[in-house]
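Here is a short briefing on salt bridges and a surface patch. Look at the model first, then read the points below.

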Amino acid sequence: MSNANLIILFSTLSTGLILGAIFALVAAGVTIVYGSIWMPNAANGQFFVLAALFGWTMTVGWGLNPWIAALLVIGVSVPLSYILEILLIRRFYDVPNRNISYFVLSLGITQILAGIYAITYGRWSDQFQLPPLVNGITLIGPFPIANNRLMVLAIAIALLAALFILLRYHRYGRALRAVFQNRDAATLRGVNVKAIYSLSFILGNAVIFAGGVLFALAYSFDLTVAWTMAITAFAIMIIGGPGSVLGALVVGMVFGFTQAIVSIFASPTIAAFSYLGAMLLILLFKPSGVFAR
């Protein structure tokens, strides 16, 4: 294999790892919300971009250190999600077939946020880029990779590991999994189901915000990435199995490599279409998803 081909292969692997970890984070957030309160959150892509735009405002506009800005962005998601949950989300907890109501509600939020971005950030710039967390490059053998992207990858993997430990071993995680499996049985076992709903909505959005700000730290972005991310996250959730965090993690990594490979040899648009094709095939042959609970 020639040196040029080796460099392309290494670039594909590194980009696939970074994108896969970020996709897995966002899809995990989407599936946590869906699995707990049955909310197919169509606004996930707009929340993803909101985090990126907050990060851009704090670093480029206010001059904050990128590390501090990233922590603030994730922290801001908590009160924002809590207010949204109080004002809108919890009103539908007792509504039969509320997933339809939630989908329509999230579409409305999507349109509102997209409109706000268009008349504010959209007038200021069509491309946004955050300063790096760390500077310099690292040589892995003969292959250079930016330290900033290595740091983003390390943080994304650390967050995925923390999420896995939380859901697997913490009391909240056990209660959440009980709600995922059977709400009535969870109630009989003493789980405060509505409190789990509230916490899950906040946690899910915090994970999506983390994915958004990490993506913005690794790559430049524009406002259209919101729609691409929304489609990608939904496709990952459906293929992995709605409510399956493990499915979101595994399929998210697969999609990351798919995005990297197709983008290098074709275009990102074709990658998005490939997700939709895979999603339709799964719906035809295994509607409950590959990692269905």
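Asp94 is exposed, with a relative accessible area of 60% (buried is under 20%, exposed over 50%, partly exposed in between; 1.4 Å probe, protein chains only). This is a predicted model: local features need pLDDT of at least 70, side-chain atom pairs count only at pLDDT 80 or more, and totals for chains, interfaces and linings use all residues. Residues are numbered from 1 along each chain as its sequence is written, and side-chain values use heavy atoms, without hydrogens and water.

**Salt bridges**
- The count is two salt bridges (a side-chain nitrogen of Lys or Arg within 4 Å of a carboxyl oxygen of Asp or Glu).
- Asp94 pairs with Lys194 at 2.9 Å, N to O.
- This pair links distant parts of the chain, 100 residues apart: Asp94 sits in the loop between helix 3 (66-87) and helix 4 (98-119), and Lys194 in helix 9 (residues 193-218).
- Helices are DSSP runs (H or I, at least four residues), numbered from the N terminus.
- Lys194 is partly exposed, at 41%.
- Glu85 and Arg90 form a salt bridge, also at 2.9 Å, N to O.
- Glu85 is buried, at 0% relative accessibility, while Arg90 is partly exposed, at 39%.

**Nonpolar patch**
- Ile8, Ile261, Ile264 and Phe265 make a nonpolar surface patch, with about 370 Å² of accessible area together.
- Patch residues have over 30% relative accessible area and no salt bridge; nonpolar side chains (Val, Leu, Ile, Met, Phe, Trp, Tyr) are joined within 5 Å, like charges within 9 Å.
- Accessible areas come from the Shrake-Rupley method with a 1.4 Å probe; for residues, only the protein chains shown count as cover.
- Helix 11 (residues 245-265) gives the most to this patch, with three residues.
- Phe265 lies in helix 11 and is exposed, at 62%.

Definitions and conventions:
Helices (H or I, at least four residues) and strands (E, at least two) are DSSP runs, numbered from the N terminus.
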